[in-house]
Amino acid sequence: MILESPLITSACASSPFNHPKADVILRSSDGIDFRVFKLFLILASPFFEAMFELPQPAVGTSDDTKDGLPVIRMQEDSKTLDIFLRFFYPSTLSEDPSFESLTDVMAVLTAARKYSLDLLERKVRKALVNPKFLLAEPLSCFAIARHARFEHETMIAARYTLREPLIPARFLGIDLITASDLLALLTYHQKCTIAVEPLLANLGWVQSHYVNSHGCGWLFCEKLAKGHQRNRRDTDGCKRSTEVEFELWNTPPVAWWVTYMKKTFKILKDRPTGDNVRAEAEETIQNVINTGCKDCAARVKLNMTKFSDLLTLKVMEATALIKLELEF
Ligand SMILES: *[C@@H]1O[C@H](CO)[C@@H](O)[C@H](O)[C@H]1NC(C)=O
């Protein structure tokens, strides 16, 4: 009895995998036929080299031939095959594929490992630390890299997870890592948070950066033109802070800067990374331009941009010392 195979009328993949002179067909799990050249597969992978050394079924005698070519059934779906077969081809015949999503990255990584494609594995490693993925899905990058035991990529991804809240939403790849891996990441995140706290508790770094209060007149809303500070009335400028712990050189800074610091450090408590520092500075700049005194409005952009760079650097320095405690 002849069983009708559901894949008997399988579709052909698109260029360059529809070549009439191809000498083997790889059929994806979803029934797409990729006509490829054995030579490219053999050159790229010891797995395929061994496979093609086995006797091939005689043409026309089995279900596993089509158009006179042997058909090899693959476990990978057509999307994965398309990406990973492109790596086998010389770049003159096919453009190097790019990964559209981390799902693709995961599928190709699995295939790369299975077929011992070291070069392809290296491309996957690179994709995992591509800012496109790191910025959008740092936790997934972490999980995939950790699962694959890519130490360098795991460390980089961990750093980017600081952009997410300490307790993240569910993410792609969470089931690839163990509870110990996740615990190590949470511990790392929390240690980074704690490392940043002294920057608010002790403003000594602000004082040492500006040396003295004349080095940062903007922090005290001093008049731009020299010589006016002394007889200036409080009502002329922006309001000063009343909070003693924010005083610098025993002098209260402008209230808007204190507001900036408090807001920024509140966010840093959950997401200890420099990005927040800059985003909040942008908001402060707009506020001061709209509602601050003339002097502050005129210089806030330059001064706060520089200041947020300084704070970003301090946050980075503080968290750079924290180690992710994972064995590889
Ligand atoms: C603050 O801004 C003013 C005007 O833009 C500039 O002259 C001054 O050097 C800046 N000070 C600091 C410490 O950035």
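This is a predicted model: local features need pLDDT of at least 70, side-chain atom pairs count only at pLDDT 80 or more; totals for chains, interfaces and linings use all residues.
Reader: Which helix gives the most to the shell around the ligand?
Author: The residues around the ligand are Y210, G215, W218, R299, L302, N303 and K306. Helices are DSSP runs, and one of them covers residues 294-320. With four residues in the shell, the helix that gives the most is α14.

Reader: How much of the ligand's exposed area does the protein bury?
Author: A polar side-chain atom of N303 lies 2.4 Å from an oxygen atom of the ligand. Taken alone, the ligand exposes 360 Å², and of that area the protein buries 59%.

Reader: How many residues of the shell around the ligand are charged?
Author: The shell divides into three classes. Three of its residues are nonpolar and two are polar, while the charged residues number two.

Reader: Are the two faces of strand β2 covered or uncovered?
Author: In a regular strand the side chains alternate between the two faces of the sheet. In β2 (residues 24-27), V24 and L26 lie on one side, and I25 and R27 on the other. These four residues are all buried, that is, under 20% relative accessible area, and both faces of β2 are therefore covered.

Reader: Which residue in β5 is the bridge partner of R27?
Author: Strand β2 is joined to β3 (residues 32-36) by four antiparallel bridges, and there R27 has D33 as its partner. With β5 (residues 69-73), β2 pairs in the parallel sense over three bridges. In β5 the bridge partner of R27 is R73.

Reader: Which residue in the hairpin of β2 and β3 takes a positive phi?
Author: The hairpin has four residues between the strands. The residue with a positive phi, near 80°, is G31.

Notes:
Residues are numbered from 1 along each chain as its sequence is written. Side-chain values use heavy atoms; hydrogens and water are left out. A residue is near a molecule or strand if one of its heavy atoms lies within 4 Å of it. A polar contact is a pair of N or O atoms within 3.5 Å; within protein, one must be able to donate a hydrogen and the other to accept it, and residues adjacent in sequence count only if both atoms are side-chain atoms. Accessible areas come from the Shrake-Rupley method with a 1.4 Å probe; for residues, only the protein chains shown count as cover. Ala, Val, Leu, Ile, Met, Phe, Trp, Tyr, Cys and Pro count as nonpolar, Asp, Glu, Lys and Arg as charged, and the others, Gly among them, as polar. Buried means under 20% relative accessible area, exposed over 50%, partly exposed in between (1.4 Å probe, protein chains only). Two strands pair if DSSP finds at least two bridges between them.
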